[in-house]
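I opened the model to look up a handful of residues and wrote down what I found as I went along.

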Amino acid sequence: MMNWDDARFFLAVARCGTLRKAANELHVDQATVGRRITAFEESLGSKLFIRTPKSFSLSPLGEEMLADVMNMENAVQAIGRKATSGDDSLCGNVRIATTDTMAEAFVIPALKALREQHPLITVTLLTAVNISDISYRGADLAIRGARPESDELIIKRMATIEMGLYATQDYLDKHGLPTKGDHLRGHDLLMFPRELVPRHWNDFCGEALIDPNVVLQCNSQLLLRSATRNGLGIGLLSSFLADKDPDLVRIFPENKDWVDIWLVLHPDLQRAARVRAVVQALETSFQNNPG
């Protein structure tokens, strides 16, 4: 009979592809993951993974089991949420999934205020660019730049963020100021990967792109800002951060790209006191720092 403890090791390796990455996700050592997977396979009498020197890929049986084990994970998480939903205690851990930029500008200031008011509440902060499913990451709530389509989640717009094009003066001295309407032709561009933000590859903050010279693709806006500050090219950055940076020059200030920022929360958790306290701190942070 399969139990959840075996299943979570299987899921971690299936998602991460290596024992090392799975061990990091599970907060155990690599040898423990290897032993647990081997023991699980022996109990089933069949291999779940095809092993290569660099990775683990699912065997035919593993592929057949994956959807069922993910359903088991969802059921376990649902039980946990329901157990938490009636908790009136202002203590315990809340897991927040967001991007590095949102974490720096809004979440960290919110956590400072939260600590002063509710010191027994702790937070686990998970940063990523594309948060497509907060239950997949085991987060209680998410702050993200794309509105989810699910009707099962509580969704609230927290802010609308302005973005613009920036470069250093040194870069502009070497390459010249772009000509408006010339598709940023001849300029080095720093962008999110196409699969993460496809619209930017057609319209880069009001400038239509034709065969763009993208010299760096990066899934972190903080690193894109660092690359821009180091003169690698032109980046599309959040104005509330870039406008305060003396090393950056705004290009075409009239061109603006607007991004709605959403709070996403599972309804089973909205009544938990510690989650409500975190949400209130986040709302205050966005109100005080509107971007």
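In which helix does R20 lie? I found R20 in helix 2, residues 19–26, where helices (H or I, at least four residues) and strands (E, at least two) are DSSP runs numbered from the N terminus. I noted that this is a predicted model, in which local features need pLDDT of at least 70 and side-chain atom pairs count only at pLDDT 80 or more, while totals for chains, interfaces and linings use all residues. Residues are numbered from 1 along each chain as its sequence is written, and side-chain values use heavy atoms, with hydrogens and water left out.

R20 counts as partly exposed, at 48% relative accessibility; on this scale buried means under 20% relative accessible area, exposed over 50%, and partly exposed in between (1.4 Å probe, protein chains only).

**Helix 1**

I then turned to helix 1, residues 4–16, which has 13 residues and reaches 18 Å from its first C-alpha to its last, close to the 18 Å expected at 1.5 Å a residue (the expected span is 1.5 Å times one less than the number of residues). Its buried residues include D6, F9, F10, V13 and C16. Just after helix 1, G17 takes a positive phi of about 85 degrees.

**The loop between helix 6 and strand 7**

H187 is found in the loop between helix 6 (169–175) and strand 7 (189–191), and H187 is buried, with a relative accessible area of 4%. What joins the side chains of H187 and Y171? I found a polar contact of 2.9 Å between them, a polar contact being a pair of N or O atoms within 3.5 Å; within protein, one must be able to donate a hydrogen and the other to accept it, and residues adjacent in sequence count only if both atoms are side-chain atoms. Leaving aside neighbours within four places in sequence, H187 is in contact (heavy atoms within 4.5 Å) with residues including Y171, H175, N213 and I234.

In that loop I also looked up H183, which has a positive phi of about 65 degrees although it is not a glycine, and L184, which has a positive phi of about 55 degrees and is likewise not a glycine. H183 counts as partly exposed at 21%, whereas L184 is buried at 3%. T179, found in the loop too, counts as exposed at 51%; not counting residues up to four places away in sequence, T179 touches E207 and F252.

**Cores and cysteines**

Which residues touch the most other members of the largest nonpolar core? Of its 46 residues, they are L141, L165 and L282, a nonpolar core being a set of buried Ala, Val, Leu, Ile, Met, Phe, Trp, Tyr and Cys residues joined through side-chain atoms within 4.5 Å. This core draws at least three residues from each of domain 2 (92–157 + 261–288) and domain 3 (159–259), with bounds that come from an automatic or database domain assignment. Another core, of 20 residues, lies apart from it, and L11, C16, F40 and V69 are among them.

Last, I checked for disulfides (a pair of cysteine sulfur atoms within 2.5 Å), and the structure holds zero. C205 is in no disulfide, and the nearest cysteine sulfur, that of C218, is 19 Å away. C205 is buried, with a relative accessible area of 1%.
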